[in-house]
Amino acid sequence: MTITVAAVVGLIVGLTVGAIVAGVALTERRSRHWVVCIRLPKELHRRLREEATVAGWSLKAEIISRLQASFQQPNGDQVVDAPRL
């Protein structure tokens with residue numbers, strides 16, 4: 001198997017451009033979002049997915065919407081104690 005000079009040059013250029021783009025992305029303002037992985041009971045996941053489908057949005061949007069709503073009271077945005085499981 002032989003590798004042509006064009007293939008090697010293309011690889012080097014691709015890696016260089018990728019590194020420059022990655023460097024620019026790191027210097028830009030960081031996202032204010034967090035990635036959280038959780039384990040859900042099967043039935044809870046099914047119910048959330050079903051409600052998201054009915055609402056016409058993603059499971060992630062359903063979960064975020066419900067979490068945000070849990071922090072709201074009729075008199076404004078105040079933290080509400082969540083029920084303990």
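**Briefing: a buried glutamate and its surroundings**

E62 is buried, with a relative accessible area of 6%, and this value falls below the cut-off of 20% under which a residue counts as buried. The model described here is a predicted one, and its protein chain has 85 residues, of which buried residues make up 4%.

**Overall layout**

- The protein chain contains 3 helices and 2 strands, and when it is followed from the N terminus these elements come in the order α-α-α-β-β.

- Side chains of opposite charge can pair when their charged atoms come close.
- E62 pairs in this way with R66, forming a salt bridge in which the closest N and O atoms are 2.5 Å apart.
- Where do the two partners lie relative to each other in helix α3? E62 and R66 are 4 residues apart in that helix, so about one helical turn separates them.
- The buried E62 has a relative accessible area of 6%, whereas R66 is partly exposed, with a relative accessible area of 43%.

- How many salt bridges does a search of the whole structure find? The search finds 3, and among them are two that involve R46, one with E43 and one with E50.
- The side chains of E43 and R46 meet at 2.5 Å, taken from N to O, and because these residues are 3 residues apart in helix α2, they are separated by about one helical turn.
- In the salt bridge between E50 and R46 the closest N and O atoms are 3.0 Å apart, and the two residues, being 4 residues apart in helix α2, are likewise separated by about one helical turn.
- Are the members of this group buried, partly exposed or exposed? E43 is partly exposed at 43% relative accessibility, R46 is partly exposed with a relative accessible area of 32%, and E50 is partly exposed at 43% relative accessibility.

**The largest pocket**

- Rolling a probe the size of a water molecule over the atoms shows where empty space is left.
- The largest pocket has a volume of about 700 Å³, and 19 residues line it, with I38, K60, I63, I64 and L67 lying nearest its centre.
- Which elements give two or more residues to this lining? They are α2 and α3, the latter spanning residues 59-70, and α3 gives the most, with 7 residues.
- Sorted by class, the lining of the largest pocket has 11 nonpolar, 2 polar and 6 charged residues.

**A nonpolar patch on the surface**

- W34, V36 and I38 form a nonpolar patch on the surface, and together they have about 440 Å² of accessible area.
- I38 belongs to this patch and is also one of the residues that lie nearest the centre of the largest pocket.
- W34 is found in the loop between α1, which covers residues 5-27, and α2, which covers residues 42-55.
- W34 has a relative accessible area of 78%, and because a value over 50% is what counts as exposed, W34 is an exposed residue.

Conventions: Residues are numbered from 1 along each chain as its sequence is written. This is a predicted model: local features need pLDDT of at least 70, side-chain atom pairs count only at pLDDT 80 or more; totals for chains, interfaces and linings use all residues. Side-chain values use heavy atoms; hydrogens and water are left out. Patches are made of residues with over 30% relative accessible area and no salt bridge: like charges are joined within 9 Å, nonpolar side chains (Val, Leu, Ile, Met, Phe, Trp, Tyr) within 5 Å. Accessible areas come from the Shrake-Rupley method with a 1.4 Å probe; for residues, only the protein chains shown count as cover. A salt bridge is a side-chain nitrogen of Lys or Arg within 4 Å of a carboxyl oxygen of Asp or Glu. Buried means under 20% relative accessible area, exposed over 50%, partly exposed in between (1.4 Å probe, protein chains only). On a 1 Å grid over the protein atoms alone, a cavity is a set of points where a 1.4 Å probe fits but cannot get out, and a pocket is an open set with protein on both sides within 12 Å along at least five of seven lines; lining residues have an atom within 4 Å of a point. Grid points are joined across faces, edges and corners, and a volume is the space filled by probe spheres set on the points. Ala, Val, Leu, Ile, Met, Phe, Trp, Tyr, Cys and Pro count as nonpolar, Asp, Glu, Lys and Arg as charged, and the others, Gly among them, as polar.
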